[in-house]
Amino acid sequence: MTRRLLLCLAVASLWPIAASAQPQPASPADALFDDSTLHELWVHINARDWADLRATYLENTWYPCDVEWRGLKVRNAGCRSRGFGSRSPVKPGLLLQFDHYVTGQTWLGLRSLVLDNLVQDPSMMKERMSMRLLDRMGVPAPRVAHARLHIGSGRDYAGLYTMVENIDEPFLARQFGTDAGYLYEYRWQGDYHFEDLGADFDPYAVRFEPRTRRDEAAATLYAPIRDLVRAIADAPAESIEAAVAPYLDLRAFVRQAAVENYLAEWDGLLGYAGLDNFYLYKPAAGAPGTVIPWDKDNTFAWLEMPPLHNLGTNPLMVKAWQVPALRRLYVDTLVEAAAAADILPAEVQRAWAQVAEAAAADPVKPVGTADVEAAVQDLLHFVNARGAIVRRLAQDATGTELPQASR
Amino acid sequence: MLVALAAPATAVAQGGADPLSFRAGRAVEVDVDASLRVDARDVGVSPESAPDLLDVSRARLGLDVRLWRRLDLQVERDFRDAPQPWRDVFANLEIARALEVRAGRFKAPFSTERLNSGLAIDFVYRSLAASQIAPVRDTGVMVHGEVLRRRVGYQVGVFRAGGEEDDEPVPTAESRVTRRSGALVTGRAVLTPWARARRRALRDLNFAAAVARGTVPEGRNSLDVRAVFGDRLFPHLEVNGRRTRVAGSADWRHGPFGAAGEWIRSTDERLGQGTDDDDLPPVVASGWHAQATWMVTGEDKDDRVAPDRPLLRGGAGAIEAAVRFEEIRMGGPDTGEPRSRSPRARSVIEPSQRVWTLGVNWYPVRWVKVQANVIREDRNADAAALTGRARVWSRVVRAQVGL
């Protein structure tokens, strides 16, 4: 309790600075993701459906629901359990899809909304802080804001969640100016790092699931992925950027990998089990794709994580590292991230002041309140100390040979 | 195949009366009923919906024993239906013409079209309303009779499980859905106002009205309405409460001409089915059909047409032309909200389908019937979105033998 009070006092002193840095909401969706306040989100769902959803939480069965926020209510939305390792029958992660039962229906300009149940992150803040930094670094990251979730006709408090902007057409339009391109969600299928999987499309189809233009021919959808992987395998290091240029914005990939390593993300582009937790978006056929970060609740994992962690396991990063300009880009991005992350200590404290009461009252969180407070302290320690560590390690990084297997 | 079917039937038809009937004075009458039906289809929908191009859709054997012309015992089995082979299994006691009691498993008295024997219908398939909305066959007790010098017939029955089991499905992978519900109470009245009129043209005009009420269990148990070849036409909606059905029909026959029509409506309550556990407006399924037939070769229209000049006896049999138009739709009250296919929507979508069926029936002999139908289904936007098709053409040929 004392620790919480101290945190609140610290936040109070920082509040004007943090608040003044927030842009003014320009649209209803901006207001929904405005992280200067703790939101109240009400999912109206029939009691029997809610019980069924929790009982069958491993399935993707859709249930009808209405969603209400600040008196704005959308009817006939679809709701289902979501997640991979985070699926829970006690505190289900939820995907709300507003056009599931009404074609073309949107709410606040959104097609869908993810409610992250935060069960894999005792601090309940890693997703929000990670996306904050990624966004600040110019990476096309989804917006995140905390919300108390209320369920059913009784408006029962169902726990503290984060509302995460889903990677779909409205997100693409906001980030890229067009939603007409090819969006793929990477589906983890085991330890894979862009190795050549052969000429068939099937191995790529199971890993890169189309989220737009699903009805297009397999060759249209997957040939660019296969050709990207072949280019990575075949191109000499010195021409890797040109070789993959038709398929991938390599510089954006390098920058995102660097920021993820700054964040000590152990399940991302350079994850412990290969690629994971990202989308790929090609704004048009023939245009290079951009990676989009997703699911960042495994960040802030290891304060001393080397900033070149796992670069040696990824064939693309191995070749990129041999190109001085790309190596420089990676290291510069690390240093830039360290500077941009200066806001994080204040952000953590501000967010904690915002959600501490809701987190304590969360009746279904998987850990006790003391554990949450301890995790927040650990997070605070990380964001205070990580910048100096990365800066120190990055100083000599440009002359470093990559460790081949630091997983 | 037709020749093979026709030959034995023709042989037994020489005697005129039912070939498998036995009499022992007035005390015992025994009829053996046998029927076989083969369909060939060319359907303009996906193979998953109607996978078989050639299908034995009926293979039944039945026994009808009538004792002292008062007690009637019937049992019938369909050998192609392993899960539920039994069809009619009942005893009927005639106390008086105005009062008969039937108990066992038989068709619930509701839809005129549905009550007709499958061997007697004028098209390959029954109307959508009769096959999809009306209750079917179940275990129950019924009181029935004729009063007012046969001008009025009545049927009142109670059935165990709502008469929801579809025992004559369109042969698709999905259509065998058992839609069990609570006990069903049903009543039907048939009025033949000019039964004793001098003008023959009016004698066979009758009207029927029916009502059925049961309960439907909580869940996505709204009527599982399918298009002609099994495409799901209506979404499954969350329902709970009473299911009330009403029907009205008219039927007329005169010489070689026949005309008929029927309208059926079903209303399902949705108590406590809202997203806030509140009551939702009921969901309504309705349908109607109108049809006309003409015996081109001049025979009188009857359930079992007997050709004046049978095949292999100097003639080519009887020919009948038939046309039917029908519509089936689902909907509910307009609550001012956008209509949705959500199973808990207050304003549900309104899928509907109109169907034209043109048919030719050939009766080479009394016991054999060959039907050819061309069917055109037209769906509105909601139904087309659910089924993926706005218009479907199909052709069906059916050959059946009924002894």
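**A buried aspartate and its surroundings**

Author: Asp121(A) sits in the loop between β5 (112-116) and α4 (126-136) of chain A; helices (H or I, at least four residues) and strands (E, at least two) are DSSP runs, numbered from the N terminus. This is a predicted model, in which local features need pLDDT of at least 70, side-chain atom pairs count only at pLDDT 80 or more, and totals for chains, interfaces and linings use all residues. Residues are numbered from 1 along each chain as its sequence is written, chains are lettered from A and ligands numbered from 1 in the order in which they are written, and side-chain values use heavy atoms, with hydrogens and water left out.

Reader: Is Asp121(A) buried or exposed, and what is its relative accessible area?

Author: The term buried means under 20% relative accessible area, exposed means over 50%, and partly exposed lies in between (1.4 Å probe, protein chains only). Asp121(A) counts as buried because its relative accessible area is 1%.

Reader: Which residues of helix α3 (residues 47-55) of chain A are buried, and why are they on the same side?

Author: In α3(A), the buried residues are Asp49(A), Trp50(A) and Leu53(A). They are on the same side of α3(A) because they cover an arc of only 100° around the axis. The arc is that of the directions from the helix axis to the C-beta atoms. What covers these residues includes β2 (63-69), β3 (72-82), β4 (93-97) and β6 (144-151) of chain A.

Reader: Which residue caps the N-terminal end of α3(A)?

Author: A polar contact is a pair of N or O atoms within 3.5 Å; within protein, one must be able to donate a hydrogen and the other to accept it, and residues adjacent in sequence count only if both atoms are side-chain atoms. At this end of the helix, a side-chain oxygen lies 3.0 Å from the backbone nitrogen of Arg48(A), and the capping residue is Asn46(A).

Reader: Within what arc do the buried residues of α5(A) fall?

Author: Helix α5 (residues 169-176) of chain A has Glu169(A), Phe171(A) and Leu172(A) as its buried residues. They line one face of the helix, because seen down the axis of α5(A) they fall within an arc of 155°.

Reader: Which residue follows α5(A)?

Author: The covering of the buried residues of α5(A) includes β7 (156-165), β8 (182-186), β10 (278-282) and β11 (290-293) of chain A. After the helix comes a residue whose phi is positive, near 80°, namely Gly177(A).

Reader: What area is buried between chain B and chain A?

Author: The contact takes 20 residues from chain B and 21 residues from chain A. Buried area is the accessible area (1.4 Å probe) that two parts lose on being put together, summed over both. Carbon and sulfur atoms give 35% of the area between these chains, which is about 1,500 Å².

Reader: How many salt bridges does the rule find across this interface?

Author: A salt bridge is a side-chain nitrogen of Lys or Arg within 4 Å of a carboxyl oxygen of Asp or Glu. One of the pairs is Arg48(A) with Glu238(B) (2.6 Å, N to O). Across the interface of chain B and chain A, the number of salt bridges is five.

Reader: Which residues are linked with Arg48(A) in a network of salt bridges?

Author: Arg48(A) also has its backbone nitrogen in the cap of α3(A). The residues linked with Arg48(A) in the network are Asp49(A), Glu218(B), Arg220(B), Glu238(B) and Arg344(B).

Reader: Within chain B, how far apart are the closest N and O atoms of Glu377(B) and Arg379(B)?

Author: Glu377(B) counts as buried because its relative accessibility is 1%. Arg379(B) is also buried, with a relative accessible area of 8%. The two residues form a salt bridge, and their closest N and O atoms are separated by 3.3 Å.

How values were computed
Contact means heavy atoms within 4.5 Å.
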